[in-house]
Amino acid sequence: MSNLIDFMKKNNEKVLEYRICQWTGEKFPIFEKDVEMIKKLSPTFLWKKFEIPLPTLSPRARQIRRLLSRNEWNFYKSRSNKTGESMISLYAPENKAKIFEQKEWWQEDWSPMDYGFDFDFSKSMTEQFYNMRNEIPRVNLVTVGNENSDYTTGTWYCKDCYLINSSENSEDCYYWKLFQDCKNCVDCTFVYDSEKLYQCLNVKKSYNCTYLHNSAECNNCYYSDDLVGCNFCIMSSNLRNSQYYFENKKCEKEEWEKLASAYLWKRTNIKNATKKFEEVIQNKKKKYASITSSVNCFWDVITESKNCFFSYDVNKSEDCRYVNIWVEVKDNMDCNNMYLKPEKSYEVLWTIGTYNVHFSTYVFNSSNVFYSQDCHDCKNLFGCIALRWKEYCIFNKQYSKEEWEKEVIKVVEYMQKTGEWGEYFDVKMSAFPYNDSLACEYFPVKEVINLKNWVIESRKIFNENGKGIVYVLEWEKEISKAKLDLGWEIKVDIFWKTKNKEIGIPENTLFLETKDLKETISGENDDIIKKVIKCSVTGRPFRIIAQEFNFYKNMNLPIPDVHPNERYFNRLSMKPQRNLSIHNCTKCNKEVVSVYREYSPVYCEECYNKEIY
Ligand SMILES: [Zn+2]
């Protein structure tokens, strides 16, 4: 860390002070530009600026606190608390919250304003807000304009999709997230404008490719990393506008087809190929990070952006700090999953089309919103939940324009005294167990220990790539109280899901061992969609849906023998870790901030371009 801070100091990032994180006990820097940004984002009520205090948690602890409020793909079967109808939901049936099916939630036959209350200046804001939240109905999923895509959330205008998230305008796509304008893609993450992709990661404008990473404008490429404008390449890396390459060597068409066939179509071929692909990823010439056409940006996967500090998965954005997964945003700090030009936000999770929204989650097409959740098309809210088309409300109560600012000032001044002003929602407000939330993907847990009266009953490895430990306190329950220890001084109280509930698996289905799966897709018959396959790694049951079976037939791929979750985590493990360290460029010795491990050789931008182009 200190190396990194020295580097940042040299890059015009002056450290004003160091603070001790209240969760982790780690020392973290407050940069001058953090303070400038917080000042810029501090709101004004009745011409008086209410300064947001400096953070009390380190950037990663702040991120975990936010990410605990987002569940992207763990679905449950439950019943609507309004009609009793069966529905798919992000909330486990054990969850005490009231959950309505989306259409029911949007109906006008119930009013979130009925839950409004006068703020009690003798109790904490957190407690009062939490009590209101436990009463107000929540929506089971968040989707807009989809067709036949029931098992998805965070999806917009998708058709015939299954188990995808954070995706728009896509058709026939199954498993995982960040699809935009795609068709017929399975097991992919972060793919744009593409068709017929399988097991691809960070790929744009490509067609008919499998196991392709960090590439664009490619057709018929397999087991390759960092290709642009290529056709018929396999087991290759760092190629530009090339055709018929096998293991980075140019071949004649017939020779290529013969060699490539040893890595395609058959289950054993593919198993060998995926192992070999790890070497391709390991041995490719690496740019320090995936940052393109950007100025003064640090971390990873950044395109066409300016002044984005400690941020990743960023597109066309500027002046942001500690922000992840965002498109066209400006002046944001400590935010995740921000889409469609949100501007001026601090400590926010998931907004679309917002301006001046702070300490909030799931706010859409709204402005001047503080400490609020699940609000749509609103203005001037404080402490509100589930409002639609409202303005000047505080804790779901209507005020006049004049009263609103006066009352907000009173509440903010009170929260300044209680130390709540400037803090995001308490972790106890998360409705999701840690292993259902996005926090578990970004900060994976290595080991799970079942305790009974603080005596270890059993322990198991949860995720090889993880770091922390979870102590499960009531493991006979399906959702248990637990303590999360990420190597910190303080163990954070969380919930932990102790059993996986399989959805989409009807009763009386036939089980199939993975050894019974055929070598090629042509050996399987349509019956496969009626059966349940046991994952060869975790034993977890999963099904092949009919459209997916057609996809494998079309792509000439054998039926996968591991559960979709396992496939996702395998793909994630091939990405560089989100740690940062200082490297010296292999060629010119220039210092760069890289996402790769210290021992891995990397190139600076100039040397990489010279090597590749
Ligand atoms: Zn260099």
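The questions and answers that follow concern a predicted model.

Q: How far apart do the C-alpha centres of domain 1 and domain 2 lie?
A: The domain assignment of the protein chain places domain 1 at 2-58 and domain 2 at 148-283, and it also gives domain 3 (432-497) and domain 4 (510-573). Between the C-alpha centres of domain 1 and domain 2 the separation is 40 Å.

Q: Which strands are the edge strands of the open sheet of 5 strands?
A: The sheet is open, its pairing is mixed, and its strands follow the order S38-S37-S39-S40-S41. From one strand to the next the twist averages 30°. Each edge strand pairs on one side only, and these are strand S38 (455-461) and strand S41 (492-497).

Q: Which residue in S40 is the bridge partner of Val 472?
A: Strand S39 covers residues 468-472 and strand S40 covers residues 479-485, and the two pair in the antiparallel sense over 4 bridges. The bridge partner of Val 472 in S40 is Ala 482.

Q: Which residue in the hairpin of S22 and S23 takes a positive phi?
A: Strand S22 (residues 243-246) runs parallel to strand S20 (residues 231-234), to which 3 bridges join it, with Asn 231 standing opposite Gln 243. With strand S23 (residues 249-250), S22 pairs in the antiparallel sense over 2 bridges, and here Tyr 245 stands opposite Lys 250. The hairpin of S22 and S23 has 2 residues between the strands, and the residue with a positive phi, near 45°, is Glu 247.

Technical notes
Residues are numbered from 1 along each chain as its sequence is written. This is a predicted model: local features need pLDDT of at least 70, side-chain atom pairs count only at pLDDT 80 or more; totals for chains, interfaces and linings use all residues. Domain bounds come from an automatic or database domain assignment. Two strands pair if DSSP finds at least two bridges between them. Axes are lines fitted to C-alpha atoms, for helices over the stretch in contact, and angles run from 0 to 180 degrees between N-to-C directions.
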